[in-house]
Amino acid sequence: MIPVNSVLQVGQFPEIMQMEIDKRLSTTKLLDPQGAVPDGNFTAILTRSNTTLPQKLLEQIPTVRMVATCGVGYDNLPLDYLRVNGIKASNTPGVLNDAVCELAIGMLFGLLRRIPEAQEFVKSTAWAKAPFTITTTLAGKCVGIAGMGRIGQDLAKRLEPFKVKLAYTGPSQKELPYQYFPDIKSLAKASDVLFLACPANPETEKMVNSEVLQALGPRGYLINISRGNVVDEAALLVALQQKTIAGAALDVFENEPNPNVGFLNIDNVLLTPHIGSATSETRQLMTNLAIDNLEAFYNKKPLLTEVKN
Ligand code: 8YV
């Protein structure tokens with residue numbers, strides 16, 4: 001049983017998630033993570049992966065011994081502080097794979113077949129004057145995936161029926177039926193489409209730079225469902241403007257919810273507002289998994305999905 005008002009809920013939660021929370025918990029809410037800490041005897045925090053949890057907030061609440069984040073990424077947490085202070089953390093992997101992979105594949109086809117432009121083409125009645133542009137087929141292409149964790153592997157399985165060659169990179173080779181490349185530049189060189197499905201950490205920060213984009217090449221496409229800071233966005237903008245690569249589909253950006261305006265004025269991009277997990281079914285599953293972790297903590301049981309920190 002989770003004691004009433006022992007959980008501080010930090011950040012903005014959509015209604016579908018708040019409804020799930022209110023069914024099971026009575027939390028004290030702090031909408032702005034930089035705001036003043038409300039009164040209370042908090043022993044746990046419930047937050048979301050798109051909410052940066054400031055270390056100074058935790059420093060003000062030394063009674064907090066557990067942080068549950070709704071989301072698979074946990075780069076929003078002050079991991080060093082949590083580790084040094086023995087504060088447990090949990091995330092919500094596994095339950096969002098369907099939603100994220102479905103969006104990723106939707107972005108892939110939207111990008112290759114230029115579906116958003118095609119719709120505008122019809123709506124603008126330009127079709128009456130000329131046919132829409134010829135695009136490109138996925139079948140026969142090499143699809144590279146940077147980051148073969150749960151989502152990367154699930155995405156690869158879902159892409160197999162599309163008659164593609166699959167390849168990947170990551171910290172180590174895995175028992176998978178796809179070609180392994182030891183680094184992202186060599187993977188990009190071999191790929192026609194390069195997905196980013198890796199976690200955001202010091203090793204992956206700005207991993208996709210001008211060299212990698214050059215290697216991906218003028219008929220290559222980049223699709224980012226990871227984190228914005230995995231890409232050097234200035235280099236990507238230049239590559240898109242100069243057609244160093246054919247195009248990019250981005251669901252994540254360095255500065256959310258106000259992405260670099262350069263992306264808004266070019267036509268070889270497909271942009272979505274970080275909606276990878278944003279389906280009602282998925283957000284309900286994520287919220288309940290986060291609360292299950294909180295319950296395990298309060299019942300002094302092992303967490304279901306503990307962040308190995
Ligand atoms: C979360 C995310 O899914 O899961 C992640 O790592 O990227 C986020 O979109 C979302 O914030 C859950 O509320």
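These notebook entries record my survey of salt bridges in a predicted model.

**Entry 1: the count.** I searched the chain for pairs of oppositely charged side chains, and the total came to eleven salt bridges. I then looked up several of them individually.

**Entry 2: R24 and D292.** I found a salt bridge between R24 and D292, with 2.7 Å between the closest N and O atoms. The two residues lie 268 residues apart, R24 in helix α1 (residues 15-24) and D292 in helix α10 (residues 280-298), and the pair thus links distant parts of the chain. I noted R24 as partly exposed at 30% relative accessibility. D292 is also listed as partly exposed, at 26%.

**Entry 3: D75 and R227.** I recorded a salt bridge between D75 and R227, whose closest N and O atoms are 3.2 Å apart. This pair spans 152 residues, joining the loop between β4 (66-70) and α3 (79-84), which holds D75, to the loop between β10 (221-224) and α9 (233-241), which holds R227. I checked both partners for accessibility: D75 is partly exposed at 35%, whereas R227 has a relative accessible area of 16% and is therefore buried, the cut-off being under 20%.

**Entry 4: K206 and E254.** I located a salt bridge between K206 and E254, with the closest N and O atoms 2.7 Å apart. K206 sits in the loop between β9 (193-196) and α8 (210-216), and E254 in the loop between β11 (247-250) and β12 (269-271), 48 residues apart.

Note on methods
Residues are numbered from 1 along each chain as its sequence is written. This is a predicted model: local features need pLDDT of at least 70, side-chain atom pairs count only at pLDDT 80 or more; totals for chains, interfaces and linings use all residues. Side-chain values use heavy atoms; hydrogens and water are left out. A salt bridge is a side-chain nitrogen of Lys or Arg within 4 Å of a carboxyl oxygen of Asp or Glu. Helices (H or I, at least four residues) and strands (E, at least two) are DSSP runs, numbered from the N terminus. Buried means under 20% relative accessible area, exposed over 50%, partly exposed in between (1.4 Å probe, protein chains only).
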